[in-house]
Amino acid sequence: MSPKEYEDPESEPQTPEEDEDVSEGDAAGVQNQEEDGENGGAEAKPMTMEERKAKMQQLRAKLRSSALANRASVIEESSRAKTAARDLVRLEKQRRLAETLRLRADAEERGEDVERQKNWEWTIEENEEWEKKLARKARRADFEFHDDSHAARRKYKKEVDKLKPDLEAYNKQKEAAMGLAPGTLSQNGPSTFSLTTFDPTEASSSQMVPTAHQQQMAAESLYRDANSLLYADNKPSDEAIDRVIGKINQDIDKRRKFSRKRPNEDTGDITYINEKNRIFNKKIARYFDKYTTEIRASFERGTAL
């Protein structure tokens, strides 16, 4: 017999009409359940004032506990981030130290000088710049006051270090003074190497080379000497004027806030001649002031016996 003959007659597929009847019955059952729920909710007993208060207290307790939990999690995450940053810095320091020790051990095995091998990584220009920096630092290591001219020179050197020259305007003046086309130095860079790489044949037709008279006037204006008759013909820009005004206001504020008083100086009468004596007097006062205060006050009033 074929397998179809053993099939259960109840498992036969339903017709579309039967499917629609089943779906309609299910929908009706769901609707009846919803109506029963609504009737049950309407018939439910309303909450009393005590129950409402208890419910409110419960909600407030949950709110406080959630706020405390959120704050604790934020603090934990912040501390974990700080710890991770410190660990990264520590690991990076250990890595650099291990690399230095490894290079030193390798150099010692080969019989080489570690400092000499390290200096091979720098160019001649970088080495000269570093030596100039060390020499300048050694010259300015003397912070004592000698005379007014020395103090003025130190201040002048400090102000010169803070200057930021306008290389673009200077290159324009230099181009006119040397008879070059506009944009020559700015295109090739502000260095003097651009003068050797400049090719007049490659200049565009829009670039006008200054004439001999213009070049002479520009050279006299840029490179002035004691015999020059040009005077007070420079007109600064608004940015330069604002920069000078800002520097003057900064110096005025610095002088107004300056004070010779040191933060470790005590208020009141000065009973010491130097820093070591001040510390000694402070130690004595810590132990004996409670016995000698009245005697000192009597001496100052003139009533001591």
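Here is a short tour, from the whole chain down to a few side chains.

Before you click: this is a predicted model, where local features need pLDDT of at least 70, side-chain atom pairs count only at pLDDT 80 or more, and totals for chains, interfaces and linings use all residues. Residues are numbered from 1 along each chain as its sequence is written, and side-chain values use heavy atoms, with hydrogens and water left out.

**Whole chain.** Switch to cartoon view and you'll find 11 helices and zero strands; both are DSSP runs numbered from the N terminus (helices: H or I, at least four residues; strands: E, at least two). Of the 305 residues, 7% are buried, where buried means under 20% relative accessible area, exposed over 50%, and partly exposed in between (1.4 Å probe, protein chains only).

**Salt bridges.** Side chains of opposite charge can pair when their charged atoms come close. A salt bridge here is a side-chain nitrogen of Lys or Arg within 4 Å of a carboxyl oxygen of Asp or Glu, and the count is 13.

**Stop one: helix α11, residues 275-301.** Select E275 and R278, which form a salt bridge at 2.6 Å, N to O. They sit three residues apart, about one turn of the helix. Is R278 buried or exposed? It's buried, at 9%, while E275 is partly exposed at 39%.

**Stop two: a network.** Now select E92, R95, R96 and E99, joined by salt bridges that share partners. Zoom in on E92 and R95: their closest N and O atoms are 2.5 Å apart.

**Stop three: helix α10, residues 238-257.** Pick D251 and K247, a salt bridge at 2.6 Å; they are four residues apart, so about one helical turn separates them.
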